[in-house]
Amino acid sequence: MLKNYLLMGGAVFLLVMAAAGQNTQPVKVQQPSVKTSIAAGKLVYTQYCLSCHMTDGGGVQNMNPPLIKTSFINGDKFKLVSVVLNGMSRQEIDGETYNNVMAPFNFLTDKEIADVLTYVRNSFGNKKSAVTVADVKKVRAKK
Amino acid sequence: MKIFYRVGINIAIAFSLITSSVAQTAVKTKTAGLILPAKFKAVVLAENIGRARHIAITPQGGIYVRLSKPVDKKGTLFLQESNGKAVIKNGFGNYGGTGIYLKDGYLYSSSNQEIFRYKLNANNEVIDPDAPEKIVTGLIERGQHETKSLVLDNAGNIYVNIGAYKNSCQQKDRQKGSMGIPGCPILDSAGGIWMFKADKLNQSYSDGERYATGLRNVVGLDWNQQDNQLFVMQHGRDQLHDIFPDLYTVQQSAVNPAECMYALKKGDNAGWPYLYYDYAQHKKILAPEYGGDGKIEADSKYLEPAAAYPAHIAPNGLLFYTGNQFPEKYKDGAFIAFHGSWNRAPEPQAGYFVVFQPFKDGKPSGEWEVFADNFSGSPQKTASGRADHRPCGLAQSADGSLYITDDSKGIIYKITYNK
């Protein structure tokens, strides 16, 4: 009985939330697919990237590169895909060196990589084009 | 419920870390942005001098500082103090690095691959800055753990750290799930302390001796004159959760492993990469890369740490205080500069302070305490890791004043005690 009430309460709550969400929907700014990708990418970032690149994307001096408006993040998106797939070490970025080793994240799916790079390129003050699953496929195929 | 409980404990630990200095000594003073015990005073002798790493003070009060990156092609600076400020008198040596040590009329200095020495005049000033003797050459430097800290004993030997160029000797460095290489080959030429002759030129690995092994990376080290023994601070391994998410939670990974102090004798093996030291349990635990599950204990043959400190807070400086200026309890105890953590995210970061570890009869005795705090600028900046300053090198002058470098904004602090 109690369980039923809880279920009903939950359903009502969801309906109310859905309605509220619709009412406050802003005028379309971004493609819904990009928005979805950013949201999914944040989850990937939190799980696999945050421990080195930090919550604010600022990285760690001398160790892990920042992801804030660097020439890497704002540059060629295929190169970024390649970094995620192959890892990186001792790379000089904008005059600074970073000594930590980034392992390859080739076990992530094409979608996860597209999402996380889209998230990074549209967070921490960055505003760059999305990375698509097709982009990732292209780079992965080259290997 | 269990998860909430665990998170609660970790927050409590993090909080107590931040506030331990307040809890341990009631009266504190704040000078030059640092929080110190009562009657101690800090002054900023110099700032913006570059990425100031280790430091050495001459009997005349001259200050030699190593920079991790040369400024205007000068990797070592010489400063002299007057009226509470230190002025750069000259600089030399177009190579970055960390290690510097004064001994018996010479200044010893290291790049990330070599050790040099400069002859000093009667005032302990370098006679010919452009012509050092090259003492050791060809030490491994592969990016990670590249610095070569050094110290000398009283018998003409140099001890230099050669850090392991991997995190935990995995088949694939830092990769999720990658297991350890059996019989970790790194240990042949890195992951330990090497001993060389202080006065022999152009030595390479074959001229030196692996004094102690199984040490992942040592930055802070000092010679204990009471014991006539080398003490080192190890930077513990990173990323237990990232690499083995099924064995370690994010929270467990933030509070383990401990940063350890070791008292070394020739031939000692501290056990990296086969083990790590669990901070809460005070146990040597078998590394997951080598079959551990977070509970199985490591082989007892490996060296026991002399003392253990919270995880990931990066001990970069160690100094045995032999001066007479500070109160009696500090005499022959150890100051440790903790550079501050990164590998606790998304949990709060910690460190960015100088700790005092009491010693008795040449052994750590009693609880450590935070001596100089607030390098970061605020508890919030500590938690986020966006610290204003990060303590690195430690030295003591003939009158017993304590010097601390900051390699973030290039500050030299001087700490004095007024009765």
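Let's start in chain B, with strand β29, residues 391-396. Is β29 of chain B buried or exposed? Six of its six residues are buried, so the strand is largely enclosed by the rest of the structure. Keep in mind that this is a predicted model.

What does β29 of chain B pair with? Its partner is strand β30, residues 402-406 of chain B. The two run antiparallel, and four bridges join them. To find the pairing on screen, look for B:P391, which stands opposite B:D406 in β30 of chain B. The two strands form a hairpin with five residues between them. In that hairpin, B:G400 takes a positive phi near 85 degrees.

Staying in chain B, let's move to a sheet. It is open, with four strands in the order β8-β9-β10-β11, and the pairing is antiparallel. Which strands are at the edges? They are β8, residues 100-103, and β11, residues 133-136, both of chain B. Each of these pairs on one side only. From one strand to the next, the twist averages 25 degrees. Zoom in on β8 of chain B and its partner β9, residues 106-110. They pair in the antiparallel sense over four bridges.

First, some background. Most residues other than glycine have a negative phi, and most peptide bonds are trans.

Where do we see cis bonds? One runs from B:N256 to B:P257, with omega near -5 degrees. B:P257 sits in the loop between α3 (250-255) and β18 (259-264) of chain B. Another cis bond runs from B:A345 to B:P346, with omega near 5 degrees. You'll find B:P346 in the loop between β24 (334-338) and β25 (353-357) of chain B.

Then there is positive phi outside glycine. B:N48 has a phi near 55 degrees. Its loop lies between β3 (40-46) and β4 (52-57) of chain B. Why does B:N48 count as exposed? Because it has 9 C-beta neighbours inside 10 Å, and the cut-off for exposed is 12 or fewer. Over in chain A, A:K69 has a positive phi of about 50 degrees, and it is not a glycine either. A:K69 is in the loop between α3 (50-53) and α4 (77-86) of chain A. With 15 C-beta neighbours inside 10 Å, A:K69 counts as partly exposed.

One more loop in chain B. B:D299 lies between β21 (283-286) and β22 (307-309) of chain B. B:D299 is exposed, with 11 other C-beta atoms within 10 Å. B:D299 and B:I313 are 14 residues apart along the chain, and their C-alpha atoms are separated by 26 Å.

On to chain A as a whole. It has six helices and two strands. From the N terminus, the order is α-α-α-α-β-β-α-α. Of its 143 residues, 30% count as buried. Take the contacts in chain A between residues at least 6 apart in sequence: 59% of them join residues at least 24 apart.

How confident is the predictor? The mean pLDDT of chain A is 85, and 77% of its residues reach 70 or more. Among its elements, helix α1, residues 2-23, has the lowest mean, 45, while α5 has the highest, 98. Over residues 1-24 of chain A, pLDDT stays under 50. For that stretch, the model has zero contacts beyond four places in sequence. Where pLDDT is low, the predicted coordinates should not be read in detail.

So which helix deserves a look? Let's take α5 of chain A. Nine of its 11 residues are buried, so this helix is largely enclosed by the rest of the structure. Among them are A:I113, A:L117 and A:Y119.

Helix α5 of chain A, residues 110-120, packs with α6 of chain A, residues 133-142. Their angle is about 115 degrees, and their axes are 8 Å apart. The crossing is right-handed. Which residues meet? On the α5 side of chain A they are A:D110, A:K111, A:I113 and A:A114. On the α6 side of chain A they are A:V133, A:D135, A:V136, A:K137 and A:R140. By class, that contact has four nonpolar, no polar and five charged residues.

Last, the two chains together. Their contact takes 15 residues from chain B and 14 from chain A. The chain B side has three nonpolar, six polar and six charged residues.

Note on methods:
Residues are numbered from 1 along each chain as its sequence is written. Chains are lettered from A and ligands numbered from 1 in the order in which they are written. This is a predicted model: local features need pLDDT of at least 70, side-chain atom pairs count only at pLDDT 80 or more; totals for chains, interfaces and linings use all residues. Two strands pair if DSSP finds at least two bridges between them. Axes are lines fitted to C-alpha atoms, for helices over the stretch in contact, and angles run from 0 to 180 degrees between N-to-C directions. A crossing is left-handed if the near helix is turned anticlockwise from the far one by less than a right angle, and right-handed if clockwise. Two residues are in contact if their C-beta atoms, placed from the backbone, lie within 7 Å. Ala, Val, Leu, Ile, Met, Phe, Trp, Tyr, Cys and Pro count as nonpolar, Asp, Glu, Lys and Arg as charged, and the others, Gly among them, as polar. pLDDT is the predictor's confidence in each residue, from 0 to 100. A residue is buried if 20 or more other C-beta atoms lie within 10 Å of its own, exposed if 12 or fewer, and partly exposed in between; C-beta atoms are placed from the backbone.
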